[in-house]
Amino acid sequence: MIKQFTKVLIFIFLFTNHSVAQLALSKVKIEIGSKTLIAEIAETDEEQEEGLMHRDTLGKDQGMLFLFEDGSTPCFWMKDTKIPLSIAFINKENMIVKIEDMQPLTEKEHCSGSPVVLALEVNQGWFKDNNIKTGDKVLSIKRIN
């Protein structure tokens, strides 16, 4: 009985902390061309490792922004991510250097291929639907909380 109770407490603790961590992420308003979206910021290693994993949906015109040190060449995969996503890699001049579609629940790596400081994940097709392509610039990123 005590072992079962302990397992339930551990589950509740992990579930509660997981939910709180998602709610605590800062958000930014990002402008690319004439389009605006709201993105959560994955700043810490833990936030970046979690990313959009285990979520069932991502709202329209929403995403997640990953911050990297100058000179980073990050790679992403979708092993535990349920949502089909597109990712844009952005260099220190705020230019999109690469956009890729990523399929859910796969281990295929999607790498920047060149030094970047940001990566932006959105619902798959968002960049194409909004006529945003490689070479376009991010016009502004403003923290909203």
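Visitor: What is a salt bridge here, and how many salt bridges does the count come to?

Guide: A salt bridge is a side-chain nitrogen of Lys or Arg within 4 Å of a carboxyl oxygen of Asp or Glu. The model is a predicted one, and applying this rule to it gives a count of eight salt bridges.

Visitor: Which residue forms a salt bridge with Arg55, and are the two buried or exposed?

Guide: The closest N and O atoms of Arg55 and its partner Glu40 are 2.6 Å apart, which falls within the 4 Å cut-off. Arg55 lies in the loop between helix H2 (45–50) and strand E3 (62–72) while Glu40 belongs to strand E2 (residues 35–42), so the pair ties together parts that are 15 residues apart in sequence. The partner of Arg55 is therefore Glu40, and both residues are buried.

Visitor: How many residues apart in sequence are the parts that Asp56 and Lys82 tie together?

Guide: The side chains of Asp56 and Lys82 meet in a salt bridge, with 3.1 Å from N to O. Because Asp56 sits in the loop between H2 and E3, and Lys82 in the loop between strand E4 (75–76) and strand E5 (85–90), the parts they tie together are 26 residues apart in sequence.

Visitor: Is Lys133, which forms a salt bridge with Asp136, buried or partly exposed?

Guide: In the salt bridge between Lys133 and Asp136, the closest N and O atoms are 3.8 Å apart. Lys133 has a relative accessible area of 45%, and since buried means under 20% and exposed over 50%, Lys133 counts as partly exposed.

Methods
Residues are numbered from 1 along each chain as its sequence is written. This is a predicted model: local features need pLDDT of at least 70, side-chain atom pairs count only at pLDDT 80 or more; totals for chains, interfaces and linings use all residues. Side-chain values use heavy atoms; hydrogens and water are left out. Helices (H or I, at least four residues) and strands (E, at least two) are DSSP runs, numbered from the N terminus. Buried means under 20% relative accessible area, exposed over 50%, partly exposed in between (1.4 Å probe, protein chains only).
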